[in-house]
Amino acid sequence: MIDDLHELRTFERIVHGGSLSAAARDLGVSLAVVSKRLTSLERRLKVRLLHRSTRRASLTDEGQLFRVHCQNVLDAVDAAEAALEQRQDVVAGVLRLTAPNGFGRRHVVPAVRSFQKAHPGVRVHLSLRDEVVDLVGEGIELALRYGALDDSRLVARQLAPNRRVLCASPEYLQRRGMPRRIADLQGHDCIASGSPPVSHWRFLEGSRTITAPVNATTLCDDGEVAQLMAVQGAGIARKSIWDVAEDLQAGRLVEVLPDHALATSPLSAVHGPGKQLAPRVRVFLDHLQCHLQSTIAWRYATDPNIPPD
């Protein structure tokens, strides 16, 4: 009989983090405590759940089966706690969220900091990754994403307007000239980013979408690197306005082909299916939206005709 919820949460955190040491950091306990809880759980179940080495832990077949049921139990407990928080309107607990790297560093981190000052009872687990994260599988409450949902089980709330822009440094444009037409991009150095990098850029002309191949002289899977290379004069990059607004305002980057709109999509807050949002999630979303509305990026997203300083 399993009567210790700490053991289940520890097992779930080990699987999530990939090692006992990662689980210890996540839970704020010692490695010895994590090891003791896992050993106790396996002893109760009379089965080995994880293959483990000094650096990694991976599921056995039995562990894979147990994880599904373990997650169901933890979800039920979380739902019960959320229901109590809703009743009491308590903004507390652990908020697990993920966001793209660049957007997260520029906008989510300062919003999290001010949110925690206002609500010290909330602990935040923030994961910054450009790839799409499995919210249900990784136990994440909230994801901030650009674009349409690939998973129909998830629920999205539009958080902020967004537009993509092409941009390059003044030094690059002085050296190579300013493109005047979409076709001119074939004669320029373009920085393709994404996972995998996208070397065909989509433009909107009325109700039509035009896909234009570009001369991708640089490919990278990190949007932050693409932006840094553009600032340093390596070529033209395609970026969200939320990433480059400050560089445009400061004159470190210049918008290219501003009269040719790129296909884009809003920034959304995404959460799991059929879950009543805990007060900490609802209040954080309101707080984040207010923070975004105070930024220069929001002004650029809603009004592209802002002159640089």
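This is a predicted model: local features need pLDDT of at least 70, side-chain atom pairs count only at pLDDT 80 or more; totals for chains, interfaces and linings use all residues.
# Notebook: sheets, helix packing and single residues

I began with an open sheet of five strands, which has mixed pairing and the order E4-E3-E5-E14-E6. Strand E4 (122-128) and strand E6 (155-160) are at its edges. Each of these two has a single partner strand, so one side of each is left without a neighbour in the sheet.

**Entry: pairing around E5**

I looked up E5 on both of its sides. Strand E3 (residues 93-99) and strand E5 (residues 142-146) run parallel and are joined by two bridges. On this side I found Leu 97 opposite Leu 142 in E5. Towards E14 the sense is antiparallel, with four bridges joining E5 to E14. Here Leu 144 has Ala 269 in E14 as its bridge partner. I also checked how covered E5 is: four of its five residues are buried, so I wrote it down as mostly covered.

**Entry: the other five-stranded sheet**

I then went to the open sheet with the order E11-E8-E12-E7-E13, which has five strands and mixed pairing. Its edge strands are strand E11 (216-220) and E13, each of which pairs on one side only. Neighbouring strands of this sheet are turned against each other by 40 degrees on average, direction ignored. Within the sheet, strand E8 (residues 190-193) pairs with E11 in the parallel sense over four bridges. One pair I picked out is Cys 190 with its bridge partner Ala 216 in E11. Helix H9 (residues 241-250) packs on the sheet and touches strand E7 (164-168), strand E12 (236-240) and E13. I noted about 115 degrees between the direction of H9 and that of E12.

**Entry: H5 against H10**

Next came a helix pair. H5 and helix H10 (residues 279-293) pack with their axes 10 Å apart, at an angle of about 120 degrees. That angle makes H5 oblique to H10, because roughly perpendicular runs from 65 to 115 degrees and roughly antiparallel starts over 145. H5 passes H10 in a right-handed crossing. From H5 the contact is made by Phe 103, His 107, Pro 110, Ala 111, Val 112, Ser 114 and Phe 115. From H10 it is made by Arg 280, Val 283, Phe 284, His 287, Leu 288, His 291 and Leu 292.

**Entry: His 107**

His 107 is in helix H5 (residues 101-118). Is His 107 buried or exposed? Its relative accessible area is 4%, so I logged His 107 as buried; the cut-off for buried is under 20%. The side chain of His 107 reaches the backbone oxygen of Trp 242 at 2.9 Å. Leaving out residues up to four places away in sequence, His 107 touches Trp 242, Leu 288, His 291, Leu 292, Thr 295 and Ala 297. Among these, Leu 288, His 291 and Leu 292 are also listed in the H10 side of the helix contact.

**Entry: Thr 10**

I looked up Thr 10 and found it in helix H1 (residues 5-17). Thr 10 is buried, with a relative accessible area of 1%. With residues up to four places away in sequence not counted, Thr 10 touches Ala 23, Leu 27, Val 34 and Arg 37.

**Entry: positive phi**

Lys 46 has a positive phi of about 60 degrees. Lys 46 is in the loop between helix H3 (31-45) and strand E1 (50-52). I logged Lys 46 as exposed, because its relative accessible area is 76%. Leu 257 has a positive phi of about 50 degrees. Leu 257 lies in the loop between strand E13 (254-256) and strand E14 (267-271). Leu 257 counts as buried, because its relative accessibility is 5%.

**Entry: whole chain**

The protein has 11 helices and 14 strands. Its C-alpha atoms fill a box of roughly 70 × 40 × 35 Å, taken along the principal axes. Of the 309 residues, 43% count as buried. Among contacts between residues at least 6 apart in sequence, 75% join residues at least 24 apart.

Note on methods
Residues are numbered from 1 along each chain as its sequence is written. Side-chain values use heavy atoms; hydrogens and water are left out. Buried means under 20% relative accessible area, exposed over 50%, partly exposed in between (1.4 Å probe, protein chains only). A polar contact is a pair of N or O atoms within 3.5 Å; within protein, one must be able to donate a hydrogen and the other to accept it, and residues adjacent in sequence count only if both atoms are side-chain atoms. Contact means heavy atoms within 4.5 Å. Two strands pair if DSSP finds at least two bridges between them. Axes are lines fitted to C-alpha atoms, for helices over the stretch in contact, and angles run from 0 to 180 degrees between N-to-C directions. Angles under 35 degrees count as roughly parallel, over 145 as roughly antiparallel, 65 to 115 as roughly perpendicular and the rest as oblique. A crossing is left-handed if the near helix is turned anticlockwise from the far one by less than a right angle, and right-handed if clockwise.
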